[in-house]
Amino acid sequence: MSERTAVIASRVGLHARPAGIFVAAVGELPLEVTIALAGEPAEDAMDASSILSIMSLGASNGDTVVLRADGEGADEALDSLVKILETDLDAE
Amino acid sequence: MQTLSGKASTDQAETGRTFAGVGVSPGRIIGSILLMPKPVREPAVGERLAEGTAPDDASAALRTAAKAVQTNLTARSAGASGAGREVLEATALMANDPMLVKAAVKLITNGASAERAIWDAAASVAEMLHNLGGYMAERATDVLDVRGRIVAELRGVPAPGIPYSDTPFILVGEDLAPADTATLDPAKVLALVTSSGGPQSHTAIIARALGLPAVVAAAGVDGLTDGTLVFVDGAAGTVRVDPGADEFALAKAWETTTAALAVFDGTGRLKDGHLVPLLSNVGGAKDAVKAAAAGAQGVGLLRTEFCFLERDTEPTIAEQVEAYRGVFDAFPGKKVVVRTLDAGADKPLPFLTDASEPNPALGVRGYRTDFTSPGVLERQLEAIAQAADGTEAQVWVMAPMISTAEEAKHFAGLCAAAGLTTPGVMVEVPSAALTAASILEHVNFVSLGTNDLTQYAMAADRQLGPLAALNTPWQPAVLQLIRLTVAGSRDEGHDKPVGVCGEAAADPALAVVLVGLGVSTLSMTARALSAVAAVLASVTLPEAQQLAALALTAHSATDARRLVREKLPILNTLGL
């Protein structure tokens, strides 16, 4: 199991456009990725390819989230997702 | 009200059927129609999989439908821009969302039909989002929209909502909901025609705001088929199938008229120079900037609730200051009349109004929410005062739904405490019109809200199509109440202004009557400014007073309108 943490950089938090961009990126991966707020148990993690799950997570600007995935290429995949979360997508 | 051709139209050789309705937004246009699909019917509660349908097959059908809806919405988003595009992109992702689809598949495995499964799964998700509040709560509507689309796809019927087309069309439906405004693309929709709804319906309001010709309450039009070519006359209130040469000429002439009417020089006046300031109704800073560009001489109605619709909690003072400041800054040196929150009835705000009232139009709405949620109004007045501080706009404040002089006095006291020097009230309840003199002893001005004044005077719900004929400000009884309000101002003795900020002010013929009755300013959607100005400039004050007298003594709204319009030849010249 690979694991990464990321700090949400978008000013609006992880919803609206930033959430859409993130979900689309997850959808292109051949892996199942989960997302949870830092400090929450791994079994409560949500499906990162679901926009509705991401929205219900309610991660705001500055919150830390944990991404988890299993399988080949998981480390590289998570690194690329961290990069997305740590960019202020709303500013672009 | 279906009539054969020749009645409403001229002696055309061409025989096309003519539908007669109520014209609510002028314009003459020819185009082919698209029907607004009926809202998606809820599958029966507890509906099970049909005999012989395997859960796996039903799940596969659901996945296919969800994917199809996603593909369709994604394709549409590519043609959209700005905020509309973002909404469509996010909605597209929701349609095929793994969380939603998995929840539905689980219900199917337990024996539910595919339609019922997605219905219930989406309802749970929407409830969850709603409970999160704020931005998430707003997205709950999107989930329900997606649900309707998936069910329509499963049933093989057209998707609900405004139909999508690459080419401009005339939208025909039963009535439009406020939510349809967001998805109505004025570049694609040429005109609106509904079989139901009245002059004050959402369809009418949307049409006037967008400047689209519109006819409402045209019974039977929703029986036409997609692609039918029709001529719509938004002033006469007629829709003619298979238009002939005459109609093509009229539509052509309207194009020329709109170009000529696009300009308002920024000073409303009659032919004899009598000044009638023309102001605009706005819902926020964006509207205000547009209104200023259209030449509005100020804002006669800032609908503050529009800044806060769909909010679960009361906006903070800082948020309010920002929203109001944007409007004030668009009108330096000019009057901006701020109406305090007008929540309730057709504009519920969860933090103020009780949705379970049996009779919301007669319930706790407008100023009355101060009885049940004290403090909100004081904080709003404080925010208005803060926003006014340091702007060049002349800020006036008024309360909606005032019924007595005592309420007006209380409101004036609250304004004074907040440091606001020009308090006023709206006259929407007939009791306020009848006691205008006493009310004006406590406040500096009144503004007539003709939409509600009409619905209360005529005891006719403004949303009901069958009551459309009652629900028009041309009703002589409504005009009498306006006359009494002006008389009340005269009796009070200080020449305090009586304005009109209801839809009536946007009807050029009625605007003449209002001025004739003694109304001092008119406030309307910015789109109507140039047409109203053009018609006002064609009459003198004595002429306007004669027309007002004609309308007051007419025996019906139809007669009042007809008698006045006959004396205003400019209306026919301009196609208004």
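Working from a predicted model, I began with the aromatic side chains and noted that ring pairs join Tyr367(B), Phe371(B) and Phe411(B) into a cluster. I then searched the whole structure, which gave three aromatic pairs over all chains. I marked both Tyr367(B) and Phe411(B) as buried.

For Trp396(B) and Phe445(B) the centres are 4.7 Å apart and the planes stand at 45 degrees, so I recorded the pair as tilted. Trp396(B) lies in strand β13 of chain B and Phe445(B) in strand β15 of chain B, so the pair ties together parts 49 residues apart in sequence. Trp396(B) and Phe445(B) are both buried.

Next I looked for charges over rings, and noted that the charged end of Lys335(B) sits over the ring of Trp396(B), 4.2 Å from its centre. The charged end of Arg147(B) sits over the ring of Trp119(B), 3.6 Å from its centre.

Last I turned to helix α12 of chain B, residues 376-388, whose 13 residues reach 18 Å from first C-alpha to last, close to the 18 Å expected. Its buried residues include Leu377(B), Leu381(B) and Ile384(B), and what covers the buried residues of α12(B) includes β13 and α13 of chain B. Just after α12(B), I noted that Gly390(B) takes a positive phi of about 90 degrees.

Conventions. Residues are numbered from 1 along each chain as its sequence is written. Chains are lettered from A and ligands numbered from 1 in the order in which they are written. This is a predicted model: local features need pLDDT of at least 70, side-chain atom pairs count only at pLDDT 80 or more; totals for chains, interfaces and linings use all residues. Side-chain values use heavy atoms; hydrogens and water are left out. Helices (H or I, at least four residues) and strands (E, at least two) are DSSP runs, numbered from the N terminus. The expected span of a helix is 1.5 Å times one less than its number of residues. Buried means under 20% relative accessible area, exposed over 50%, partly exposed in between (1.4 Å probe, protein chains only). Contact means heavy atoms within 4.5 Å. Rings of Phe, Tyr and Trp (its six-membered ring) pair if their centres lie within 6.5 Å; planes under 30 degrees apart count as stacked, over 60 as edge-to-face and the rest as tilted. A charge sits over a ring if NZ of Lys or CZ of Arg is within 6 Å of the ring centre and within 35 degrees of the ring normal.
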